[in-house]
Amino acid sequence: MRANQQELFKGQRMPRQPATSRPSRRNGAINNLLPMDRPAHDWYRFVLSFPPHLVRDYADRFELNSDSVLLDPFCGTGTTIVEGKKLGIPAVGVEAVPLSLLASQTKVDWNPNPNRLKAHAKYVAERVLTVLESEGVSDDPDENQDAGRVANLRSLPEMTSKLLLKGSISPLPLHKVLALTETLESEKDSPYYRHELLALAKLLPSEIGNLRFGPEVGVGVMKQDAPVVSSWLSQIWRMANDLSALSAMRETPAKALAGDARNLGGLLAPQTVDAVICSPPYPNEKDYLRIVRLESVLLSLIDDKLHLRTLKQRLVRSNTRGIYKGDEDDNWVRSNRNISKVAEEIEARRIALGKDSGFERAYHRVTKLYFGGMARHFQSLSQALRPGARLAYVVGDQASYLRVMIRTGKLLAEVAASQGYEVEGIDLFRTRHATATSEQLREEVLLLRWPG
């Protein structure tokens with residue numbers, strides 16, 4: 001074991017695993033999750049996740065193996081670290097969003113005994129069903145004809161409820177979910193707790209709740225009722241089957257750490273990372289905490305508006321809902337003329353169109369804050385990289401701000417170069433059609449090298 005791995009993964013074995021085959025390259029399907037990739041990856045997948053096969057491609061290109069350390073500083077729900085573990089490459093992720101961190105940490109934990117996980121989940125389910133029955137509620141919607149008249153349905157505290165989109169989840173399914181989470185909380189010391197929470201998180205948005213994604217999160221068809229306990233048990237069974245299949249690869253170390261990608265000091269030892277494969281946020285109006293709000297609130301990962309604000313302050317400023325008065329990341333790119341030019345064009349377009357809302361007034365500033373935050377990230381990251389480390393950043397063009405085109409990959413290359421990185425090139429990953437401008441937006445992989 002190399003010295004840098006001893007620092008990151010103490011006392012863990014690292015067997016080598018063969019690389020998996022690559023998928024076809026059709027643009028329409030290139031971002032999909034392949035059937036062979038479903039184990040672990042599909043336990044919970046962020047709606048904007050990039051595909052595991054992309055990690056395989058660049059891990060192969062960077063010639064990574066069991067002696068390497070792979071990092072994803074924008075870990076999300078763990079695509080890179082899960083795939084690294086499957087390939088036998090020790091992997092580390094850093095993530096600031098609690099729900100995403102829970103997903104990443106759980107998806108690389110293949111230690112639970114599958115049969116014991118199922119037995120414990122069955123025990124929990126029986127307890128919940130007993131409670132519901134005593135309250136006159138069935139988990140089966142077909143048997144709940146009179147459940148609407150049940151007094152004292154469980155509900156969220158008023159301040160907590162205000163964190164959710166109105167109509168995110170109907171009263172009766174919410175009652176069942178809260179009965180399940182209360183029982184899970186009483187079993188918090190169980191070795192299966194995180195897996196059982198994540199199984200519920202996967203179901204909450206659409207199978208139990210009323211959310212839809214297209215691509216923004218919104219409320220879709222309102223379901224008066226939905227099976228909760230039975231659906232949760234089915235998801236646990238799928239997890240347990242995956243754990244059986246993955247058991248041979250569980251010794252490869254992988255972990256996810258809570259942290260801000262702009263400030264990696266203290267999280268990663270100096271010169272311990274051989275490669276980075278990640279997809280940072282893009283400058284647009286997607287609020288990543290809003291997308292996972294229902295799961296975060298119902299699993300008690302976000303408590304109130306103050307907690308939400310604190311979490312947002314740990315993120316790269318990529319949307320106007322996450323800008324705060326004291327933000328100064330834009331100072332990091334003050335001398336970059338191309339970024340300033342894009343910001344000036346956005347502001348000039350806003351004035352010409354008479355757009356005057358608070359969000360619209362912030363469009364030009366969030367653009368500079370985003371690239372400045374990424375400059376901070378590159379500077380902080382460099383301390384952890386070994387000389388010659390290779391990096392792949394999946395980023396996309398954006399035209400969210402008054403139809404002004406932001407060539408994210410090109411501008412991010414300039415930012416990385418300003419922090420001492422060598423730009424090896426930009427690969428086209430796929431194209432997307434922008435309905436607002438009728439242009440083809442490029443989704444790219446920015447390739448960098450750290451010379452040391």
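Which residue forms a salt bridge with Asp-42, and how far apart are the closest N and O atoms?

## Basis of the report

The structure is a predicted model, in which local features need pLDDT of at least 70 and side-chain atom pairs count only at pLDDT 80 or more, while totals for chains, interfaces and linings use all residues. Residues are numbered from 1 along each chain as its sequence is written, and side-chain values use heavy atoms, with hydrogens and water left out.

## Salt bridges

The partner of Asp-42 is Lys-202, and the closest N and O atoms of this salt bridge are 3.5 Å apart. Asp-42 lies in the loop between helix H2 (38-41) and helix H3 (52-61), whereas Lys-202 belongs to helix H9 (residues 193-208), so the pair ties together parts that are 160 residues apart in sequence. Helices here are DSSP runs of H or I with at least four residues, strands are runs of E with at least two, and both are numbered from the N terminus. Asp-42 is partly exposed, with a relative accessible area of 22%, and Lys-202 is also partly exposed, at 26%. For these terms, buried means under 20% relative accessible area, exposed means over 50%, and partly exposed lies in between (1.4 Å probe, protein chains only).

A salt bridge is counted where a side-chain nitrogen of Lys or Arg is within 4 Å of a carboxyl oxygen of Asp or Glu, and by this rule the count comes to 29 salt bridges. Another one joins Glu-135 and Arg-154, at 2.9 Å from N to O. Glu-135 is in the loop between helix H6 (114-134) and helix H7 (158-161), and Arg-154 is in the loop between H6 and H7 as well, so this pair ties together parts that are 19 residues apart in sequence. Glu-135 is partly exposed at 26% relative accessibility, while Arg-154 counts as buried at 18%.

Asp-260 and Arg-262 also meet through their side chains, with 2.8 Å from N to O, and both residues are buried. A network of salt bridges links Asp-260 and Arg-262 with Asp-329 and Arg-376.

Helix H17 (residues 408-418) has several buried residues, among them Leu-411, Leu-412 and Val-415. Just after H17, Gly-420 takes a positive phi of about 95°.

Across the whole structure, a search finds seven aromatic pairs. Tyr-421 is buried at 4% relative accessibility, and Trp-450 is buried at 14%.

## Charges over rings

Lys-85 lies over the face of Trp-110, at 5.0 Å from the ring centre, and Arg-321 lies over the face of Phe-359, at 5.6 Å from the ring centre. A charge sits over a ring if NZ of Lys or CZ of Arg is within 6 Å of the ring centre and within 35 degrees of the ring normal.

Note on methods
Phe/Tyr/Trp six-rings, centres within 6.5 Å; stacked < 30°, edge-to-face > 60°.
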